[in-house]
Amino acid sequence: EVMTVSQFDTTTCSVLRGYASGRVCVGPTRSGAPGTAGGPYFWQAHPTSVQWMMVVEEGKLLLTAAADGTLKIWDMQRFSIVKTFKCHVGAIVRFLRPPVEICERLGVAFCTVGADRTVVCYSLRPLAVKATFYGHSEVLSSLYWMAETDYVYILCADNTLYIWAISTGTLERIVRGPSVDSILSECLTVDQIMTSPLQGASPATGGFSESQF
């Protein structure tokens with residue numbers, strides 16, 4: 001069986017694995033962790049290849065993303081499905097976590113980046129879509145968080161910059177030409193977005209870190 005995702009989650013001390021068949025595996029975890037008695041737990045999470053996995057909510061929920069654009073949220077205690085989102089037309093190629101300031105102020109817990117050039121922001125309480133950023137001219141190359149405001153700047157491979165309001169999902173401005181560099185010089189946080197799935201890699205942590213291609 002071809003493994004497409006393999007990573008270690010420090011919150012639960014779990015090994016997370018995803019496969020081209022759509023199956024996932026969790027475990028073993030630290031002693032006493034719920035739902036893992038008897039060793040690794042396997043189940044069929046998706047009908048298509050698993051692209052990304054991430055644990056959220058202090059180890060309570062598992063996110064899995066597939067090549068068909070489906071995001072699923074699982075209960076880590078029972079390994080049962082909690083909610084399914086289908087917001088992308090094509091593979092989900094990246095999970096991102098915004099800086100802490102944006103998570104706390106706007107309730108955006110994480111984002112998915114799709115091969116369809118769309119970024120979707122989600123909340124955990126409630127489990128819902130907060131905003132969808134779509135219609136970009138080219139593949140996405142970088143995403144810049146403005147931690148002191150509610151804006152996110154999305155840069156495309158053709159150097160076109162899209163400025164979005166996170167709280168409303170409104171496209172405020174499209175910038176091209178020399179102005180792009182001067183605007184981006186003011187940004188403090190950048191996440192480099194992958195334009196194709198990266199096998200065997202952990203999801204980006206966001207914040208003030210920078211994830212390379």
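**Exercise 1.** Which residue in S3 does Leu16 stand opposite?

*Solution.* The model examined here is predicted. Begin with the two strands concerned: strand S2 covers residues 14-19 and strand S3 covers residues 23-26. These strands run antiparallel and are joined by three bridges. Across this pairing, Leu16 faces Val26 in S3.

**Exercise 2.** State the order of the strands in the open sheet and identify its edge strands.

*Solution.* First, recall the general principle: the strands of a sheet pair through backbone hydrogen bonds, in either a parallel or an antiparallel manner. Next, read the order, which is S1-S2-S3-S4, with antiparallel pairing among the four strands. The edge strands are then strand S1 (3-9) and strand S4 (41-44), since each pairs on one side only. Finally, the twist from one strand to the next averages 15 degrees.

**Exercise 3.** Locate Glu57 and determine whether it counts as buried, partly exposed or exposed.

*Solution.* Glu57 is situated in the loop between strand S5 (50-56) and strand S6 (61-66). Its phi is positive, about 55 degrees, although Glu57 is not a glycine. The relative accessibility of Glu57 is 23%. Buried requires a value under 20% and exposed a value over 50%; Glu57 therefore counts as partly exposed.

**Exercise 4.** Which residues does the cis peptide bond join, and where does Pro126 lie?

*Solution.* The bond links Arg125 and Pro126, with omega about 0 degrees. Pro126 lies in the loop between strand S11 (119-123) and strand S12 (128-133).

Notes
Residues are numbered from 1 along each chain as its sequence is written. This is a predicted model: local features need pLDDT of at least 70, side-chain atom pairs count only at pLDDT 80 or more; totals for chains, interfaces and linings use all residues. Side-chain values use heavy atoms; hydrogens and water are left out. Two strands pair if DSSP finds at least two bridges between them. Axes are lines fitted to C-alpha atoms, for helices over the stretch in contact, and angles run from 0 to 180 degrees between N-to-C directions. Buried means under 20% relative accessible area, exposed over 50%, partly exposed in between (1.4 Å probe, protein chains only).
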